[in-house]
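I opened this notebook to keep track of what I looked up, one topic at a time.

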Amino acid sequence: MSSTDATFLKPARPALFARLPIVHQLRQSVGLQRGMLVAGLLVTSLFLLTAILAPVIAPYGYSQLRDTAGLFGAQQPPGGAHLLGTTVGGYDVLSRVLWGAQTALFVIIVAVVLSLFAGVLLGLVSGYFGGWLDRVLVVVCDAVYAFPSLLLAIVMSIVISGGKSDLVGGVMAAAISITVVFIPQYFRVIRAETVRIKAEAYVESARVLGASNLRIMFRHVLRNATRTLPLIFTLNASEAILTLAGLGFLGFGIEPTEASEWGYDLNKALSDVTSGIWWTALFPGLAIVLVVLGITLVGESLNDLADPRLRGRRAVGASSGLVAETSVVPGGTLDAGPGGLDGLETPAHPPVHPGDDSEATR
Amino acid sequence: MTTAVSTPRPPLAGSAAKKKRGSGGGLGRYIVVRFLLIIPTIFILVSMVFWLMRTTGDPITAALGGRLTPDQLAERISAAGYDRPILIQYAEYLGQIFTGNFGTTISTNRPVSEVLVTYGAATLELAFYALLVAFIVGIPLGMVAAYWRDKAPDAFLRIFAILCYATPVFFAGLLFKLVFAVWLKVLPVAGRASTGAELQMQLLPGKTGFYTIDAIQTGNPAVLQDVLSHVVLPALALGLLTAGVFLRLVRTNVIGTLGTDYVDAARSRGVSEFRLVRKHAYRPALIPIITVIGLQIALLLGGAVLTETTFEWKGLGFMLSEFLQARDFVAVQGIVALLAVIVALSNFIVDIVAAIIDPRVRY
Amino acid sequence: MSDIRPPVSTRSDPSAPVLRISDLGVSFATDAGAVRAVDGVTLSVRRGEVLAIVGESGSGKTVTAKTILGLLPETAVSNGAVILSSRDGASSNNVIALSGKQLRQVRGSDVSMVFQEPSTALNPVYTVGWQIMEGIRAHGTVSRADARTKAIEILGRVGIPDPEVRVNYYPHQFSGGQKQRVVIAMALVLEPGLIVADEPTTALDVTVQAEILDLLRRCRDEFGTAIVLITHNMGVVADLADRVAVMYQGKVVEEADAATLFGSPQNEYTQKLLAAVPYVGQGVVRAAARAEARTREWSAQAPVVVADNLRIQYPGRFARPGFVAVDGVSFAIRPGEVLGLVGESGSGKTTIGRAIAGLTRVTDGSLSVLGHEMNGFSERKFKPLRSQIGFVFQDPASSFNPLLTIAECVAEPLVVHGRADSPRAARARVDELLEAVQLPRAFGDRYPHELSGGQRQRASLARALALEPALLIADEPTSALDVSVQARVLELFAELQREFGFAALFISHDLAVVDILADRIAVLYHGRLVEEGTGAEVLGAPADPYTRRLLASLPVPDPAAQAIRREELAKLRAAE
């Protein structure tokens with residue numbers, strides 16, 4: 001335990017690797033939270049691998065209807081040449097499910113990246129400068145945010161592809177529709193953070209120094225405001241999949257000849273279910289649930305770990321008497337001091353002040 | 001020996017005095033300001049829908065292009081006024097919405113407002129039952145999860161919540177249908193009521209469109225049972241989605257308030273842990289929860305579109321997807337605009353409820 | 001489980017202490033591993049006695065207090081014994097070994113707690129009456145009407161006017177001092193033998209603090225309640241405590257009755273702590289010496305800051321009238337002079353500092369900073385002058401960008417004003433500055449969260465002085481620091497001021513702190529300047545009644561002197 005002592009006196013910077021977003025949280029987590037994070041990461045990596053390797057692992061193409069032995073046939077039950085059966089349209093279910101990962105990943109990336117840039121920039125400028133532009137943007141984004149995102153995505157996809165899923169429309173239309181839905185979310189988060197950070201002493205200090213607005217925005221505000229982004233990113237990624245599937249289910253997705261899309265397959269499976277044909281609906285549906293579950297688990301764990309109130313900690317061993325005399329509490333503020341700190345919740349707050357009492361002893 | 005009144009502290013005493021002056025005026029003023037705020041919201045949404053839909057061209061070509069000759073098309077377009085300048089059409093559209101006129105559908109040639117009235121009740125009925133499920137499942141389970149925080153029940157409930165949220169409503173619907181309607185045959189597959197029951201209710205003089213109410217009016221318990229058995233699966237599919245969100249929300253907020261000083265203070269008075277969660281942590285947590293619930297109404301309505309399609313529940317969402325298939329964008333525009341108004345209004349009501357619960361606003 | 005519990009004594013023994021802590025140890029699980037917060041503490045409290053536990057941040061005093069009520073979080077593990085006796089001595093329990101249900105019976109009836117921040121210790125969505133009655137009804141069956149009668153009675157006894165009406169008020173309808181009275185009423189209502197008061201006056205203004213201390217004294221004298229008073233403030237200890245335990249790094253280093261401890265402290269740490277406490281009258285000699293040393297031409301120089309009938313109003317929401325923070329204030333700061341600005345919360349002192357730095361707009365009147373008129377302020381025109389102004393903020397935790405190193409932060413003014421191309425190029429100058437504020441050079445490569453509060457405030461001074469400004473604004477720079485750290489930062493400030501010769505506006509709520517540094521002192525009250533003059537004038541012979549009351553409310557770290565001051569304050573109050 002003397003090592004703990006040493007780290008207080010001489011704060012060794014953790015290696016860069018350990019400070020990387022996910023890695024850092026993984027090391028920080030314990031027990032149930034670690035289990036959730038690990039499970040989420042596993043499922044998410046499985047999804048990523050499937051998406052990348054779909055051409056290799058899928059037995060057939062996503063729009064393949066026949067092989068050398070002739071047509072696959074419609075609604076074939078699982079087994080034989082078709083592990084998960086075939087759809088009402090005569091496609092191989094397993095192949096469609098695997099290829100669907102690729103479509104989902106592509107849409108997530110395009111949608112999240114586009115909305116990230118637009119939303120972050122707007123939120124930063126709006127929150128920092130305030131004024132009438134800010135007020136207008138806030139009202140518009142609040143209105144859009146309150147609107148059912150699926151309906152907005154439908155309207156957008158009508159606009160982009162004219163309601164017809166031709167080849168250009170397809171994937172890009174879905175991605176851009178989702179983008180428009182997400183911009184207000186990023187805008188709100190970044191704007192709120194910007195407004196909060198603007199009132200922090202270090203930003204005021206930069207203003208007193210006479211630093212230019214651009215310098216303050218990008219050197220001081222932006223980097224601090226975007227700390228929660230990995231979290232929103234994961235939450236939005238799962239929402240992007242659900243929106244994409246919803247669009248597909250309503251017939252606004254991607255034609256089976258262009259790419260494989262789970263929502264579309266579920267739509268086509270709607271009538272199968274009534275006649276007891278379960279495999280056409282079950283597998284694409286499970287794929288959606290699994291991917292969203294994985295990404296959400298990662299997001300939730302990140303959220304908990306970022307919030308000291310929700311973060312779990314390793315329990316102290318019963319033999320607490322053996323713990324070395326590192327009487328200095330990290331955070332230095334276990335007691336309510338003149339700064340008006342709130343007693344016992346404070347050891348939970350992260351900053352570690354090395355040698356806090358050293359001044360008193362010197 | 002001490003003076004009874006402590007020194008007035010300007011900012012605190014000042015604001016308290018200001019609030020007291022109106023005696024409830026704080027709330028009245030808040031309601032007025034909040035009401036005025038929904039006007040731009042509705043305006044923006046309605047305008048957005050209009051401009052977005054129009055960038056694709058006029059609705060007639062979209063709906064009937066290819067089926068009519070160019071001459072016939074031009075005739076229909078000019079008859080409907082779609083060849084006029086777009087700004088004039090926009091002004092007319094705003095004026096019509098103001099008077100409750102949402103245009104005429106192209107595919108069925110009915111006023112959109114009539115479609116809204118006919119099918120609106122079905123959607124509201126579904127939304128009501130779904131919210132009921134969400135409240136009954138989400139809020140108590142959220143409190144249970146917070147109480148057993150980081151223990152086994154909490155872990156189980158959190159996974160349950162994420163599953164609720166991760167399962168698309170239409171997939172949940174399909175699964176429910178498969179298990180309960182097709183395999184077990186205990187509940188009906190789709191629709192709002194069986195044909196016989198629907199006929200009985202159609203004959204009612206004062207029918208409301210809300211089948212539960214109409215079924216009670218028939219006085220026939222079999223009809224009511226039929227209607228209720230139809231609502232179970234759609235309400236569960238849609239309600240569980242929202243329940244997952246509620247569960248998470250209640251858990252996080254209650255855990256947050258459990259860490260506050262006033263909970264510790266109540267604990268130091270000997271109040272039981274259960275009561276701490278139920279009274280001290282839950283009530284203050286309720287205010288942010290209610291505000292977020294307002295935002296969930298949008299999610300619920302979006303989900304309703306999918307649920308209704310899954311269960312052939314003849315409501316606005318079902319009609320929306322029918323009109324979408326028919327490329328009838330006048331009808332789509334009307335339905336979307338109406339949903340926008342509903343969302344804005346319900347957010348307004350939710351905010352007012354939150355304000356009424358919060359004594360800091362009330363007094 | 002019952003065999004873990006110590007034998008419950010049923011004999012009534014009035015001489016037995018109400019609380020006996022023996023060899024208490026508490027460890028916490030933190031992100032950085034297990035940490036021992038309390039180590040081998042042994043204390044006892046007799047009936048009707050006030051025991052003060054004094055210490056600085058991290059000394060373990062609050063943890064000790066929370067252990068008495070079994071309020072430690074789940075991340076804590078404790079050993080040793082905390083034996084708590086009921087008021088009549090009929091039963092005693094080891095709090096550490098009690099089950100949840102037994103703990104609940106003890107809490108409120110045998111021991112209760114007064115919290116630091118009254119505005120967060122009351123549940124905002126229930127009336128105060130509801131909250132008091134809840135405590136009563138948690139212990140035995142009491143009818144609603146009886147509980148209500150009791151609640152009204154106790155509110156009246158702690159000095160809440162119109163208790164019959166106020167019992168139905170929500171917490172936000174009370175002022176800060178009144179809220180603390182309500183919290184004390186809740187603690188008293190079941191007449192426990194012991195109250196644990198955790199920093200009960202820290203969140204309050206000094207004039208309100210005096211009233212709450214009086215009330216706590218009445219708890220002891222009229223209710224016969226013993227009090228464990230947790231505080232960092234030596235003046236508060238001298239005012240209220242019968243016996244004092246000094247804690248340092250989780251251990252009790254000295255325990256004695258109040259008169260002995262203040263008269264002849266034995267432990268080295270106690271001596272240092274007492275020596276670090278600022279007291280009024282410390283700075284008068286120094287200020288006089290500085291005034292002597294000034295030449296005749298000095299008074300003829302143009303002032304750095306002139307405020308003339310300055311008025312600042314914050315805009316109101318929803319078209320409500322705004323809040324007037326500063327109302328018709330006039331003063332001047334000459335080159336090389338330190339003006340101390342004193343006032344309680346909401347007096348407008350911070351607003352004035354911010355207006356001088358161009359962070360808050362002037363509503364009316366005139367404010368001239370370095371010859372530039374701030375009424376009708378334009379950032380573009382003011383920018384060149386910014387290199388002449390330094391600012392030290394109150395909160396050391398947030399005054400540095402957490403993502404930049406200390407060296408990068410200190411170099412910021414040099415880069416912004418073109419004295420260096422990059423933080424790297426400015427490093428030589430940054431090292432000089434760090435040395436000037438007595439920080440090792442190596443600290444430049446650390447991140448802000450790796451420094452303690454005092455170290456950060458020194459780095460903050462280095463940043464403010466980087467361009468050798470003519471004017472420094474320091475907004476409560478030491479109020480978030482421990483008293484021993486505060487003493488060193490104040491000393492450093494005085495040294496730097498001598499060396500660099502800047503003019504300064506030093507803002508504080510603490511008269512004693514301002515006295516150490518200021519050439520002249522200005523007292524603000526509700527946005528108005530009620531008194532201004534040299535330290536000797538304002539503190540020696542205050543003319544304004546508010547200044548007099550403020551001065552009399554400030555407790556001094558000497559029990560005998562404080563008892564006399566207390567009576568003076570009572571007379572002052574009676575005269576008003």
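The entries below go through chain A, chain B and then chain C.

**Entry 1: what kind of model**

I noted at the start that this is a predicted model.

**Entry 2: chain A as a whole**

I looked up the secondary structure of chain A and found 14 helices and two strands. I then asked what share of its 362 residues count as buried. The value is 53%. Among contacts with a separation of 6 or more, 69% join residues 24 or more positions apart.

**Entry 3: where chain B meets chain A**

I asked how many residues of each chain take part in the contact between chain B and chain A. Chain B brings 48 residues, and these are in contact with 46 residues of chain A. On the chain B side, the elements giving two or more residues are α2 (25-54), α7 (152-166), α8 (169-183), α11 (221-258), α13 (273-311), α14 (316-325) and α15 (329-357). I looked for the element that gives the most, and this is α13(B), with nine residues. I sorted this side of chain B by class and wrote down 32 nonpolar, 12 polar and four charged residues.

**Entry 4: the domains of chain B**

I looked up how chain B is divided. Domain 1 covers 36-101, and domain 2 is made of 115-188 + 232-325 + 332-362. I noted that the C-alpha centres of these two domains of chain B lie 35 Å apart. Their contact takes nine residues from domain 1 of chain B and eight residues from domain 2 of chain B. On the domain 1 side, α2(B) gives the most, with eight residues. By class, that side of domain 1 of chain B has eight nonpolar residues, one polar and no charged.

**Entry 5: one residue, B:Pro234**

I picked B:Pro234, which sits in helix α11 of chain B. Is B:Pro234 buried or exposed? I recorded B:Pro234 as buried, because 28 C-beta neighbours lie inside 10 Å and the cut-off for buried is 20 or more. Leaving aside neighbours within four places in sequence, B:Pro234 is in contact with B:Leu126, B:Gly173, B:Thr307, B:Phe311 and B:Trp313. I also looked up B:Phe156, which is 78 residues from B:Pro234 along the chain; their C-alpha atoms are separated by 24 Å.

**Entry 6: strand β18 of chain C**

I moved to chain C and looked at β18(C), residues 503-508. Six of the six residues of this strand are buried, so β18(C) is largely enclosed by the rest of the structure. I then sorted the residues by direction. C:Ala503, C:Leu505 and C:Ile507 point one way, while C:Ala504, C:Phe506 and C:Ser508 point the other way. In a regular strand, side chains alternate between the two faces of the sheet.

I looked up the partners of β18(C). Strand β13(C), residues 338-342, pairs with β18(C) in the parallel sense over five bridges, and C:Leu341 has C:Ile507 as its bridge partner. With helix α19(C), residues 483-500, the strands β17(C) and β18(C) make a right-handed β-α-β unit.

**Entry 7: strand β8 of chain C**

Strand β3(C), residues 50-54, pairs with β8(C) in the parallel sense over five bridges, and C:Leu51 has C:Val228 as its bridge partner. Strand β7(C), residues 194-198, pairs with β8(C) in the parallel sense over five bridges. On that side, C:Val196 stands opposite C:Val228. From β7(C) the chain crosses through helix α8(C), residues 206-223, to β8(C), and this β-α-β crossover is right-handed.

**Entry 8: an antiparallel sheet in chain C**

I asked in what order the four strands of this open sheet of chain C stand. The order is β2-β1-β4-β5, and the pairing is antiparallel. I noted β2 (33-45) and β5 (92-94) of chain C at the edges; each has a single partner strand, so one side of each is left without a neighbour in the sheet. Neighbouring strands of this sheet are turned by 15° against each other on average, direction ignored.

Nine bridges join β1(C), residues 19-30, to β2(C), and C:Val26 stands opposite C:Val38. Last, I looked up helix α1(C), residues 61-68, which lies across β1, β2 and β4 (76-85) of chain C and runs at about 115° to β1(C).

Definitions and conventions:
Residues are numbered from 1 along each chain as its sequence is written. Chains are lettered from A and ligands numbered from 1 in the order in which they are written. This is a predicted model: local features need pLDDT of at least 70, side-chain atom pairs count only at pLDDT 80 or more; totals for chains, interfaces and linings use all residues. Two residues are in contact if their C-beta atoms, placed from the backbone, lie within 7 Å. Ala, Val, Leu, Ile, Met, Phe, Trp, Tyr, Cys and Pro count as nonpolar, Asp, Glu, Lys and Arg as charged, and the others, Gly among them, as polar. Domain bounds come from an automatic or database domain assignment. A residue is buried if 20 or more other C-beta atoms lie within 10 Å of its own, exposed if 12 or fewer, and partly exposed in between; C-beta atoms are placed from the backbone. Two strands pair if DSSP finds at least two bridges between them. A crossover is right-handed if, with the strands pointing away from the viewer, the path from the first strand over the helix to the second runs clockwise. Axes are lines fitted to C-alpha atoms, for helices over the stretch in contact, and angles run from 0 to 180 degrees between N-to-C directions.
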